[in-house]
Amino acid sequence: MIVQPLSRWTTRVGLSISGVVGLASLTHAQVKVGLQSSTATFSQSVYGPPSLTPDLAIDGDTTSDVNGWAILENNLTTTSQTAAWEFTSDLDPSQLLVKLYCNHKSTPKTLLGRFRISVCRSDRAYFADGLFWDGDVTTNWIALTPTSITLPSGMTSTILSDGSVLVGGTIPKQATYEINFDACVEKMTGIRLEAIEDPSLPGNGPGTASNGNFLVNEIEVFRTPIITASSSDVAPDPFDFVTITAWGGHPRGAGYLVLESIDGVPMFSMLDQGIFSDIELYAVGDTIPPELTGLTLQFRVWGACDATGKLVPSDPVVVTIS
Ligand SMILES: [Ca+2]
Ligand SMILES: [Ca+2]
């Protein structure tokens, strides 16, 4: 087997040929992520215990008027506040969709003005203690920079250098924000929502209400796994073919290999996962089936991180089996 080395990438990748299976197709199922242990630095109360608390932002009610997290203090001022939740199970590297519902009706335009989303890999014992005032939201957070944002018509968003989002334009009465991220992070355990003051906002923010308040009725997180197929997903096929086990890595985190045939087979993809900081490109196998001779495979690392932590594909690398 002849292989060409990766030239541009500091990462090297592995490739092995070891068996016979059929053709596979890839599916990219988006699944909702469970959240728990709602925690905040502050939650709004009305001269009593906290009543607009982050647990109401994960109760499944996205539309009731007063059902979510808000931060107005009893002196009717606001300041930057933070909420955090644990993921109910660890997440592998994912494309994340975060939906933020701001549907307060009796006080319209009570939307998030500037905010930032982060994830962490910490043990759940060390963050998100479930308190609604002075809760523990401190751990090693990894701020995510959105790859795209969908807002109601007329609203604008600006992604600032710290990864936070500042909304502007025409502020509607209610809004649902949809923010996409590439989360190039292994074994994610939690998510943080920072509401950040900004001088462009009414009352200096962090919300769009005149007093800087907001109400987040609900936060929903959906993930699309980067890994979408494994050997068990490969259905038998009349065209017996070779099993490709591939793995890749990147010094900064996770990496994945997508294999695509560029001749001979219309769809030929299979993934495996591995985390390696420095691996070699090599082939494993007793013999190469004769029908593979001359086959050309193209593959690329999908999941290499660029300088901002975004998942990016490498340039194609071509392997010819001989
Ligand atoms: Ca809710
Ligand atoms: Ca915890």
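**Notebook: strand S16 and its surroundings**

I started with the strand pairing: S8 and S16 run antiparallel and are joined by seven bridges. For the record, strands (E, at least two residues) and helices (H or I, at least four) are DSSP runs, numbered from the N terminus, and two strands pair if DSSP finds at least two bridges between them.

Housekeeping next. This is a predicted model, where local features need pLDDT of at least 70 and side-chain atom pairs count only at pLDDT 80 or more, while totals for chains, interfaces and linings use all residues. Residues are numbered from 1 along each chain as its sequence is written, with chains lettered from A and ligands numbered from 1 in the order in which they are written.

**Whole chain**

I looked up the secondary structure and got zero helices and 24 strands. Buried residues (20 or more other C-beta atoms within 10 Å of their own; exposed means 12 or fewer, partly exposed is in between, and C-beta atoms are placed from the backbone) make up 41% of the 322 residues. Then contacts, meaning C-beta atoms, placed from the backbone, within 7 Å: among those between residues at least 6 apart in sequence, 75% join residues at least 24 apart.

**Ala-83**

I picked Ala-83 in S8 (residues 81–91). Why does Ala-83 count as buried? Because 28 other C-beta atoms lie within 10 Å. Leaving aside neighbours within four places in sequence, Ala-83 is in contact with Thr-39, Ala-40, Pro-54, Trp-69 and Leu-193. I also looked at Gly-135, 52 residues from Ala-83 along the chain, and found their C-alpha atoms separated by 8.3 Å.

**Phe-214**

Which residues touch the most other members of the largest nonpolar core? I got Phe-214 and Val-216, out of 54 residues. A nonpolar core here is a set of buried Ala, Val, Leu, Ile, Met, Phe, Trp, Tyr and Cys residues joined through C-beta atoms within 7 Å.

Phe-214 sits in the loop between S16 and S17 (215–216), and is buried because 29 other C-beta atoms lie within 10 Å. Not counting residues up to four places away in sequence, Phe-214 touches residues including Ala-70, Cys-102, Leu-112, Ala-195 and Pro-206.

Notes:
Two residues are in contact if their C-beta atoms, placed from the backbone, lie within 7 Å.
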